[in-house]
Amino acid sequence: MSDTATTPNARPLRLETVIIAVICVIALAIGWYLYSQRQQTLRSSPAGLDGLQIWLASNGVSAQNFSGGWPIDQTAVGLLILPVYDTILDEDREPPQTKEELLQQQDEFDRSSKVLAGKAEKVPALIVLPKWRSGMRLTGLAHPVLNVEQPRLQALMRQVTGDRSFKAFSAKDPFTDIRYRAEDGESLTAELYAAQLFRSDHCEPVLGTSDAMLLADCPLDAVSIDQDERVLVLSDPDLLNNHGLRLGDNARIVLDFIRSTAEERNVIIDYSQSSWLRDPTRQPERERTWDDLMRFFGPPFLTLWLGAALAMALFLWRGALRYGPILSGETAPSASKVLAVRARARLMRLSGQDGALVRDYAAARLSATAAALFGPALARHYAGEQQFLEFAERRHPAEAQHLRRVLDEIRRLPDHVPASGAIHLIDELEQVLEHLTHDA
């Protein structure tokens, strides 16, 4: 016979718990997908800039897309490209109600004029103005009827730079060619369909002329006398988006201009709606004091600490109620196991002469099993044969029938019984109690 273990095995995860966890993970994944699907679709559409990032990275320029989520070291940014898909800044976009409204909507994402200007103040920035309505993205067809309203572009530039002389207009010819001289002196030609150009009294043309600018260097605050802070403005996104990057020498022009502007620093295509730029050289150096540590013990953390203390007190009280005081000396669990082994050996030596001893052993084993299953506080209630059998019938009906039969046979044993019969019954009793202990 073997002594039963006092600690039940750890139970495996229940099926209901696994199902609930899987449902929660699926719900979070669906929420993230729905939140990011619109932007991902836009970035990979003809009006998006995913192709620009791939083109720059394949030609040795450190370029990456950014949607927010972590701080960016602004000292490492050579050029921040800000695609603007919002013609009315600082106002919430109204969701379209019909298919026609969806095709004709001019705003894809809400943008803040303060955030755009704040980013341009910190790092060299290129603001890419919107040109196409949502219909171009959804149908994949570019037509002048799907251009955004030009007065909206003027109001947009007035919000960001304060430039009231900005005036956007469309080229008369279907295709417009604009000359560009690369850094190595090579002459390249930008080709644009239904080109969207502009003129301004405060901007200096980089691509185009003063009367028809495509890319220009403009003051960030046109109404200020001090115009040291400047920003690049691209009126027609077809120069570098997925739709227009393949036309003419557009790809080579964009690569040459961005490489010469950013030099060896990073190029960030920023889709985020907040400013994540941080200057590590201006971060204040704070001296660590004990007050920094004590903040973890003030509100709202104090509530968490009090809750943890109450939970620990509850666990200790419940454990003490179930298992009783800590045993020491000869009453320790190791000592009790030794006593149990000695009693079992003596029982085996005497089982051939005294059947009553087997009955006493069976009662003691029921009491010990009840203590292991329910703790000392409830052991007295379940130590009785009838109460223990009722528990076994509820939890393990098959084992309960086996246990009842073994106990009946032990109860009918005569005082003088052969050793083989007593050992057989005791082995059966131990097997049943072993199953009940580990399966409970």
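The model is predicted. Its salt bridges come to 12 in total. Several of the residues below sit in loops, including Asp90, Ala194 and Ser45.

**Backbone features**

- A cis peptide bond runs from Pro299 to Pro300, with omega near 0 degrees.
- Pro300 belongs to the loop between α8 (290-294) and α9 (301-323).
- Asp90 is not a glycine, yet its phi is positive, near 65 degrees.
- The loop holding Asp90 runs between β3 (77-83) and α3 (99-104).
- Asp90 has 43% relative accessibility, so it counts as partly exposed.
- Ala194 also has a positive phi without being glycine, here near 50 degrees.
- Ala194 is in the loop between β7 (187-193) and β8 (196-199).
- With 9% relative accessibility, Ala194 counts as buried, because the cut-off for buried is under 20%.

**A buried serine**

- Ser45 lies in the loop between α1 (15-44) and α2 (50-58).
- Ser45 is buried, at 5% relative accessibility.
- Its side chain reaches the backbone oxygen of Leu42, at 2.6 Å.
- Leaving aside residues up to four places away in sequence, Ser45 touches Arg137 and Asn242.

**Salt bridge: Asp50 and Arg43**

- Asp50 pairs with Arg43 in a salt bridge, and their closest N and O atoms are 3.6 Å apart.
- Both partners, Asp50 and Arg43, are buried.

**Salt bridge: Lys131 and Asp236**

- Lys131 and Asp236 form a salt bridge through their side chains, at 2.9 Å from N to O.
- This pair links distant parts of the chain, 105 residues apart.
- Lys131 is in the loop between β4 (125-128) and α5 (134-139), while Asp236 is in the loop between β11 (230-234) and α7 (250-262).
- Lys131 is buried, with a relative accessible area of 1%.
- Asp236 is buried too, at 0% relative accessibility.

**Salt bridge: Arg365 and Glu430**

- Arg365 and Glu430 form a salt bridge, with the closest N and O atoms 2.9 Å apart.
- The two residues are 65 residues apart, so the pair links distant parts of the chain.
- Arg365 is in helix α11 (residues 355-374), and Glu430 is in helix α15 (residues 419-439).
- Arg365 has a relative accessible area of 8% and is buried.
- Glu430 counts as buried at 7% relative accessibility.

Terms used: Residues are numbered from 1 along each chain as its sequence is written. This is a predicted model: local features need pLDDT of at least 70, side-chain atom pairs count only at pLDDT 80 or more; totals for chains, interfaces and linings use all residues. Side-chain values use heavy atoms; hydrogens and water are left out. Helices (H or I, at least four residues) and strands (E, at least two) are DSSP runs, numbered from the N terminus. Buried means under 20% relative accessible area, exposed over 50%, partly exposed in between (1.4 Å probe, protein chains only). A polar contact is a pair of N or O atoms within 3.5 Å; within protein, one must be able to donate a hydrogen and the other to accept it, and residues adjacent in sequence count only if both atoms are side-chain atoms. Contact means heavy atoms within 4.5 Å. A salt bridge is a side-chain nitrogen of Lys or Arg within 4 Å of a carboxyl oxygen of Asp or Glu.
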